[in-house]
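Biologist: I have the model open. Can you walk me through it?

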Amino acid sequence: MTALLEIRDLKVSFVQGKQSRPALEGICLSVDRGRTVGLVGESGCGKSLTALSIMQLLPSPPARIEGGEIVLTTRDTSRDLLKISNREMRTVRGRDIAMIFQDPMTSLDPVYSIGEQIAEVLMTHEGMSRTDALKRAVQLLRDVGISSPEQRVRQYPHELSGGMRQRAMIAIALACKPSILIADEPTTALDVTIQAQVLTLMRSMQQSLGTALLLITHDMGVIAEMADDVLVMYLGRIVERGSSTQVLERPAHPYTQGLIASLPRLDMPQGERLVPIQGTVPGLGAIPSGCRFHTRCPHVMDICRREEPKMRSSEQGHEAACWLIEGPQ
Amino acid sequence: MRRMLASLDTKGAVGFGLVAIVALCAILAPLISPYDPNAQDLLNSVAPPAWAAHGAGGHLLGTDRLGQDVLSRIIYGSRVSLVAAFAAVVASGGIGTFFGLVAGYFGGWVAVLIMRLVDIMLAIPFILIALVFMTVFGPSLTNLVIAFALARWVQFTRIAYGLVLEIREREFISACITSGVSGFDILFRHILINIAGPLLVVATLELGFVILIEAGLSFLGLGTPPEIPSWGGMLQEGRALINVAWWLTTFPGLAIMLTVVGFNFIGDWMRDSFDPRTDIGRSISEQAVAER
């Protein structure tokens, strides 16, 4: 069976005048029906850029897609999203792929009521009448756990709290039952208790609708909670992939090891210090030669400075791009 | 909107009051004006106001050289001023906002083209454009409106362009795109509605400006034809007699001034209420929070 969404060797660059700076290089990832794939990495590593590429929302210029394929397989037809027309892409957005953003405070239009914003999507994709769409909006708000939806549907974004707005965003995103939901840092702007509620809601909605989820986050806790598979990104490349247990419990790449070591744990002895990753992320214009992580890697060797490592698997279904791993390519 | 009206300050109330009086005069002109504005009474020409020394009974604000009642002509003149003002602002606002939206949304060479044209238009004195246009096409109300729209759309374009650039980058626009909303709907249903507030403020200020320009052009003999009473036209007719009949220029001048002041006050009040940093704006947003 083909994957629902498959990205093959995606390359994106930022072009400024005659200069071209690679921002994403050779991104491969696949999302199967109903699965949750986590995409982790620190700010600026290209997580959001990957999501925007799928949605064809890259700010262009300066961003330019240099190569690769993004294949979406729905209703037994496969389409390369990079090749279809704008008009066709518009039917994909919202109906096949939906997206929710980081900040629920700014991702709703302040001049329309919540109900009108949900109805707009339904009217666009399902050809519903306004009255039907508004009725359906009430039902959707109830589904995402908003109390007294009959009143809420008429309220404006500024009248809702952050958590409620994110629930409304989820209602909008899931209104047309998309096959895949891209969530770009969906809980980063929320406080911790609301975070947990929103994550639980996303998981239960995902189960009841069979939606696949591409979850973009820098929060390892969220990954542990939600993801089936994990991809770790560093400076525009995927450096490690595997199931979430494999990656979280036996991280193979020094970068992933560093990320996990820098997190506080409940079972940590008192007084023990967290281990940060040394240095800072180099800018896009100064990507190091060889392995991109060698400037900050505690295990750096000569070969790391000269040659870029290929993905090697350390165990079944778990691979990382590091010279230290001695598995097959 | 109800919240906004509740926050009406003195300035706003005065503005609305003045404009309401002018609007009522324009609507009810045949009912409230004491005489036919074009009825000539040569026996009573250049009569001072009724209450002044040697005043002619029955003419509250006096009469002009042809014995026409000044008050009636001012009341009828409000029609020309208001019609010209609203038509001109709707036309220039419509054109200007459209170009601003297009330039801001599409960017690239379209924006460069439109915004350079705006720069050029801004460098030409407006009165010059209006004078040339009215001289070539002849004085009439329609031509005045066209001249105004041709020259003043840039005011709206400049402001709309800046606002679109800001709104376009907001996350809810990306959210709209990701849910498959078409470009047309995003531009007109989401972006336009979000920038409507500041544009309305510009529109009110422009209303006052058109009234001044209409008066100015009529004064130069390029406004409306003399059989249609207009405030600017009255100034022009009264100019020759300014030494002997002060009322011929004073009262139309006052009418112009008060109307323009009225529109400007409304504009100021609207600007304050759309801006959360001012007291009025803050009280509106606080009320909004309190109601939640």
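Biologist: Start with the two chains. How many residues of chain A are in contact with chain B, and how many of chain B with chain A?

Modeller: 23 residues of chain A are in contact with 16 residues of chain B. Contact means that the two C-beta atoms, placed from the backbone, lie within 7 Å. One caution: this is a predicted model, where local features need pLDDT of at least 70, side-chain atom pairs count only at pLDDT 80 or more, and totals for chains, interfaces and linings use all residues. Residues are numbered from 1 along each chain as its sequence is written, and chains are lettered from A and ligands numbered from 1 in the order in which they are written.

Biologist: Which element gives the largest share of the side of chain A that touches chain B?

Modeller: α3(A), with four residues. α2 (86–92), β6 and α3 of chain A each supply at least two. Helices (H or I, at least four residues) and strands (E, at least two) are DSSP runs, numbered from the N terminus.

Biologist: What classes of residue make up that side of chain A?

Modeller: Nine nonpolar, seven polar and seven charged residues. Ala, Val, Leu, Ile, Met, Phe, Trp, Tyr, Cys and Pro count as nonpolar, Asp, Glu, Lys and Arg as charged, and the others, Gly among them, as polar.

Biologist: Now the inside. Which residues touch the most other members of the largest nonpolar core?

Modeller: A:Ile118, A:Ala171 and A:Val232, in a core of 96 residues. A nonpolar core is a set of buried Ala, Val, Leu, Ile, Met, Phe, Trp, Tyr and Cys residues joined through C-beta atoms within 7 Å. Buried means 20 or more other C-beta atoms within 10 Å of a residue's own, exposed means 12 or fewer, and partly exposed is in between, with C-beta atoms placed from the backbone.

Biologist: Which helix gives the most to this core?

Modeller: Helix α6 (residues 162–174) of chain A, with eight residues. The core lies between domain 1 (5–227) and domain 2 (250–263 + 287–329) of chain A, because both give residues to it. Those bounds come from an automatic or database domain assignment. The centres of the two domains, taken over C-alpha atoms, are 31 Å apart.

Biologist: Back to α6(A). How many of its residues are buried?

Modeller: 12 of 13. Among the elements covering them are α3 (114–126), α4 (130–143) and β7 (180–184) of chain A.

Biologist: And what is A:Ala171 in contact with?

Modeller: Leaving aside neighbours within four places in sequence, A:Ala171 is in contact with A:Ile118, A:Leu140, A:Leu141, A:Asp143 and A:Val144.

Biologist: Switching to chain B. How many helices and strands does chain B have?

Modeller: 11 helices and zero strands. Of its 292 residues, 43% count as buried. The C-alpha atoms of chain B fill a box of roughly 75 × 50 × 30 Å, taken along the principal axes.

Biologist: Where do they lie? Let's take A:Asp9 and then A:Gln56.

Modeller: A:Asp9 lies in strand β1 (residues 5–16) of chain A. A:Gln56 lies in the loop between α1 (47–55) and β4 (63–74) of chain A.

Biologist: Is A:Asp9 buried or exposed? And A:Gln56, buried or exposed?

Modeller: A:Asp9 is exposed, with 11 other C-beta atoms within 10 Å. A:Gln56 counts as buried, with 20 C-beta neighbours inside 10 Å.
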